[in-house]
Amino acid sequence: MRAARLIRMILLLQSRRAMTADELAAELDVSARTVARDVEALSEAGVPVYADRGRTGGYRLVGGYRTGLTGLARDEAAALFLSGVPAALRDMGLADAASAARLKVSAALRPELSDAHHSAAQRFHLDAPGWWQPPSTPALLPAVADAVWDDLWLTVDYARQGRDAVTRVLAPYGLVLKAGVWYLAARPGGSGDGGDGGDGGEATHRVYRVDRFTRAEAAGGRFTRDESFDLPGFWAERAAQFARSILRAAVEIRVTAAGARALRRVTDRDAAREALAQAGPPDGQGRITLALPVESLDVAFDQLLTLGPECEVLGPPELRERVADAARRTAALYAAAAVPGTAQR
């Protein structure tokens, strides 16, 4: 829309003082020829913009000119609070709104503060995805985000792991980006879904992985948001519940002081902390015996093996024998002949 582009051009020139045609074209996603036409239109409308010729030239506003068009639209104001998470903004389709919001804020600041956003962006950055896995953007994320922003009932088809897909009508309360994976916190509603489809439904909030939605469409109408709902608090509680729910087995181990310190790093942090707190005093060699909740014996094997001699598995017997066998095979490797190419002693 040309009017919005012209306003954005004014804000750009107001916040940066001078820009070349190529710079403006890149910011506005248009050609340099379109920039020239837009500058001419602004001049005809009475905006004091002019061009400096030459190698260091560019477009400028007459000194002291400031526009009053700095009010933030609702979506711009909301996006501004997410401006520290650029990938999330882009995934949800809010990058343009955030860019416009930053320009308006910069234009409203005193000249000596107008580069505050650029200065902060060069010093602080949040990288949400985890290591060793490429970030994935669910195709339906923008549609889900729109429903979250506008409190719209949402009809989704949800592919459940190991079970048949289901159709749900949801009141989408909030999105969470955890280690590169998007989750939706929503209250189920609608006939046949455990709620009454209206604002008075008693169904509790649940968590859905957005990448498992195969369909997401506005169901018609808005739901009344429960203003007491606290998304960070809800997520923290559910995350803790999930972490506890997957710890279905237990092992008995004896660890050195170094092993006790490392235990929180290689296993579930809360489980390790609680197990250490409930353990008895160290033995004569300074080792602590404790019962540790784990996800499974296979997972425990991988985790505890990294502690090497700082951890002894006492039980169950099958896990102790498995770790002992790994230790014997490791020792055999180092007891073998010297590595080719190294000096013999």
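Two strands pair if DSSP finds at least two bridges between them. Helices (H or I, at least four residues) and strands (E, at least two) are DSSP runs, numbered from the N terminus. The model is predicted: local features need pLDDT of at least 70, side-chain atom pairs count only at pLDDT 80 or more, and totals for chains, interfaces and linings use all residues. Residues are numbered from 1 along each chain as its sequence is written.

View 1. Of its 345 residues, 34% are buried (under 20% relative accessible area, with a 1.4 Å probe and protein chains only). Carbon and sulfur atoms account for 53% of an accessible surface of about 20,700 Å² (Shrake-Rupley method, 1.4 Å probe). A contact means heavy atoms within 4.5 Å. Among contacts between residues at least 6 apart in sequence, 62% join residues at least 24 apart.

**View 2. Three strands form an open sheet in the order β1-β3-β2, with antiparallel pairing.** Strands β1 (18–19) and β2 (49–52) are at the edges with a single partner strand each, so one side of each has no neighbour in the sheet. Four bridges link β2 to β3 (residues 58–61) in the antiparallel sense. Residue A51 has Y59 of β3 as its bridge partner.

**View 3. Strand β9 (residues 249–255) runs antiparallel to β10 (residues 288–294).** Seven bridges join β9 and β10. The bridge partner of E252 is A291 in β10.

**View 4. Strand β9 also runs antiparallel to β11 (residues 311–315).** Four bridges join β9 and β11. Here I253 lies opposite V313 of β11.

Technical notes
Side-chain values use heavy atoms; hydrogens and water are left out. Buried means under 20% relative accessible area, exposed over 50%, partly exposed in between (1.4 Å probe, protein chains only).
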